[in-house]
Amino acid sequence: YGSHFVEDKTRAQVLTQQALDYAFTSASATFQGLDQGREVDFDVFENLLSKAGYDDVEKLYFLGSIWLDWIKVRGDDLDSFADIPMVQLLMEKVVQLDPNYGDGMALLYLALLTAMGDEDEHVTKSYFESAIQAGDGINLMPEVFYAIWQKNSGKEGLSCKRLRKVIGKGVPKKSSSILLNEFALQKARQIMGEFDSSSCMN
């Protein structure tokens with residue numbers, strides 16, 4: 001909520017901080033050591049995740065998604081960007097344990113994380129495509145954020161075509177998350193409005 005639906009940056013930062021504190025408190029009940037929050041040593045963190053099992057997927061995803069949102073609302077803060085490897089490790093563990101978790105949302109987060117880093121664009125593209133496949137037509141978020149990434153990568157024609165498809169489809173009737181899909185649809189319309197006519201001729 002804090003990163004997607006709150007426009008005021010200060011309030012978004014407060015909300016995501018509260019959410020991250022709660023997520024670490026919740027996770028530390030299972031993984032002793034996470035009570036240190038963001039200060040946990042990377043090697044300790046990696047060792048804790050190596051012990052995680054399928055029953056821990058929801059808790060790991062909860063922590064990882066909130067942590068990434070916490071990073072996003074802080075923009076170019078280098079201190080927050082230093083946390084990206086740990087969030088990526090979390091999402092990789094979620095996908096390892098349950099590849100289609102959240103109708104592709106864990107894979108989508110991995111796509112966004114690799115896009116923020118210096119990974120080869122083919123890696124990012126593969127994560128987006130896997131997320132779309134896992135979404136199975138009931139989760140619009142991977143499609144929309146793939147289109148945004150394409151636009152930012154200079155592939156405006158492909159981006160526009162994908163967004164048109166999403167807007168034409170609307171919110172799926174069998175949607176697993178109406179709120180997120182409504183947000184994705186709103187975002188798709190917003191981005192479409194940013195194209196000039198020549199970018200969307202085909």
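**Exercise 1. Which side chain meets that of Glu143 in a salt bridge with an N to O distance of 3.8 Å?**

Solution. The model is a predicted one, and the pairing is read from its side-chain atoms. The side chains of Glu143 and Lys165 meet in a salt bridge, at 3.8 Å from N to O. As Glu143 belongs to helix H8 and Lys165 to helix H9, the pair ties together parts that lie 22 residues apart in sequence.

The next step is to look for another partner of this glutamate. Arg162 also forms a salt bridge with Glu143, and here the closest N and O atoms are 2.7 Å apart. Arg162 lies in helix H9 (residues 156-169) and Glu143 in helix H8 (residues 141-152), so this pair ties together parts that are 19 residues apart in sequence.

With a relative accessible area of 8%, Glu143 is buried, because buried means under 20% relative accessible area.

**Exercise 2. Determine how Lys151 is paired, and decide whether each partner is buried or partly exposed.**

Solution. Lys151 forms a salt bridge with Glu194, in which the closest N and O atoms are 3.5 Å apart. This pair links distant parts of the chain, for Lys151 sits in helix H8 whereas Glu194 sits in the segment after helix H10 (178-192), 43 residues apart.

Accessibility is then taken for each residue in turn. Lys151 has a relative accessibility of 19% and therefore counts as buried, while Glu194, at 45%, counts as partly exposed.

To place these pairs in the whole structure, note that a search finds seven salt bridges. A network of salt bridges also links Arg38, Asp79 and Asp83.

**Exercise 3. Describe how helix H1 packs against helix H3, and which kinds of residue make the contact.**

Solution. Begin with the geometry. The axes of H1 (residues 9-28) and H3 (residues 57-72) come within 9 Å and cross at roughly 155°. Angles over 145 degrees count as roughly antiparallel, so H1 is roughly antiparallel to H3. The crossing in which H1 passes H3 is left-handed.

Next, list the residues. On the H1 side, the contact is made by residues including Leu20, Tyr22, Ala23 and Phe24, and on the H3 side by residues including Phe62, Leu63, Ile66, Trp67 and Trp70. Among the other contributors are Thr16, Gln17 and Ser26 of H1, together with Lys59 and Asp69 of H3.

Finally, sort the contact by residue class: eleven of its residues are nonpolar, three are polar and two are charged.

Note on methods: Residues numbered from 1 in each chain as written. Predicted model: local features only at pLDDT ≥ 70, side-chain atom pairs only at ≥ 80, totals over all residues. Heavy atoms only, no water. Axes fitted to C-alpha atoms, helices over the stretch in contact; angles between N-to-C directions. Helix = DSSP H or I, 4+ residues; strand = E, 2+ residues; numbered from the N terminus. Parallel < 35°, antiparallel > 145°, perpendicular 65-115°, else oblique. Left-handed = near helix turned anticlockwise from the far one by under 90°. Contact = heavy atoms within 4.5 Å. Nonpolar A, V, L, I, M, F, W, Y, C, P; charged D, E, K, R; others polar. Salt bridge = Lys/Arg side-chain N within 4 Å of Asp/Glu carboxyl O. Buried < 20%, exposed > 50% of the residue type's maximum accessible area, 1.4 Å probe, protein only.
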